[in-house]
Amino acid sequence: MTILNGKETSLQIQKEIGEKVKDLRSRGDKQPHLAAILVGEDGASKTYVGSKVKACERVGFESTLVKMPDSTTEEELLAEVDKLNNDDAIDGFIVQLPLPKHIDEQKIIEAVNPDKDVDGFHPINVGKMALSLPCFLPATPYGILQLLERYEVPTEGKHCVVIGRSHIVGSPMSILLARNSYPGNCTVTLTHSRTKNLDQLCREADILVVALGRAEFVTADMVKEGAVVVDVGITRVPDESRERGYR
């Protein structure tokens, strides 16, 4: 059995990016600058954005974190997005999701300049992705492609089953793995909560991508011998043996 080590791969990619940044700076080019907008006090979002800030430090990016309270109005958030859109010092930015319920997430996503939409969520970037045109790709699906490529996992002609159809992971993953490229050229089955015979579909998969927030959903009897399994779901599981109470 081979473990596809996401953490090691991530550190290697960051090292490569860091070298590229050093090369840019040595030629007199500006330091790349990434910004993030965090609205509210969602614990998972704060952790996620914090990890991005640390990653920027490691690779030599400048980073700006814009914190806004839960009470932020949609108009105030749109104004902040517009400010970053028009700030030439900012090369790209993200609006961390989820947003408070009184804010229309899709409206905010569509307000982001597609040329600065490093999350790849804007409809223009989603359309370009579907047409295999150059664009920003959603981070998690792109990370999975990197993992498959760097471990030289064969994908052409393979049956890939994706569990979960979110716009952030599952749906773009199904598009990317079906593209005429490597990694890609898979026959993809995109499954969701209404899918029938999911166990059987999983057992037929050469590559199984699990993108849902339910711990231990996929069991050993759902995976055939020799299959490649990529688990991208993050779930806090209670664990009294840990100081923080979960793992």
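These legends accompany close-up views of two cavities and several salt bridges in a predicted model. Residues are numbered from 1 along each chain as its sequence is written, and side-chain values use heavy atoms, with hydrogens and water left out. Because the model is predicted, local features need pLDDT of at least 70 and side-chain atom pairs count only at pLDDT 80 or more, while totals for chains, interfaces and linings use all residues.

**View 1. The largest cavity and its lining.**
Here we look into a space of about 90 Å³, one of two cavities of 30 Å³ or more found in the whole structure. (A cavity is a set of points on a 1 Å grid over the protein atoms alone where a 1.4 Å probe fits but cannot get out; lining residues have an atom within 4 Å of a point. A volume is the space filled by probe spheres set on the points, which are joined across faces, edges and corners.) Among the lining residues are Phe93, Ile108, Asp117, Asp119 and Phe121. Two elements, β3 (92-95) and α4 (105-111), each give two or more residues to this lining, and β3 supplies the largest share, three residues. (Helices are DSSP runs of H or I with at least four residues, strands are runs of E with at least two, and both are numbered from the N terminus.) By class, the lining has eight nonpolar, no polar and two charged residues. (Ala, Val, Leu, Ile, Met, Phe, Trp, Tyr, Cys and Pro count as nonpolar, Asp, Glu, Lys and Arg as charged, and the others, Gly among them, as polar.)

**View 2. The second largest cavity.**
This cavity holds about 60 Å³ of space, and its lining includes Leu34, Lys52, Cys56, Ser63 and Ile94. The elements β1 (33-39), α2 (43-59) and β2 (62-68) each contribute two or more residues to the lining, which divides into seven nonpolar, two polar and one charged.

**View 3. A salt bridge between Glu16 and Arg150.**
Eight salt bridges turn up in the whole structure; each has a side-chain nitrogen of Lys or Arg within 4 Å of a carboxyl oxygen of Asp or Glu. In this one, N and O lie 2.8 Å apart. Glu16 is partly exposed at 31% relative accessible area, and Arg150 is partly exposed at 35%. (Buried means under 20%, exposed over 50% and partly exposed in between, with a 1.4 Å probe and protein chains only.)

**View 4. A salt bridge between Lys46 and Glu41.**
The N to O distance is 2.9 Å. Lys46 is partly exposed at 40%, whereas Glu41 is exposed at 55%.

Notes:
1 Å grid on protein atoms, 1.4 Å probe; cavity = no way out; pocket = protein on both sides within 12 Å on 5 of 7 lines; lining within 4 Å.
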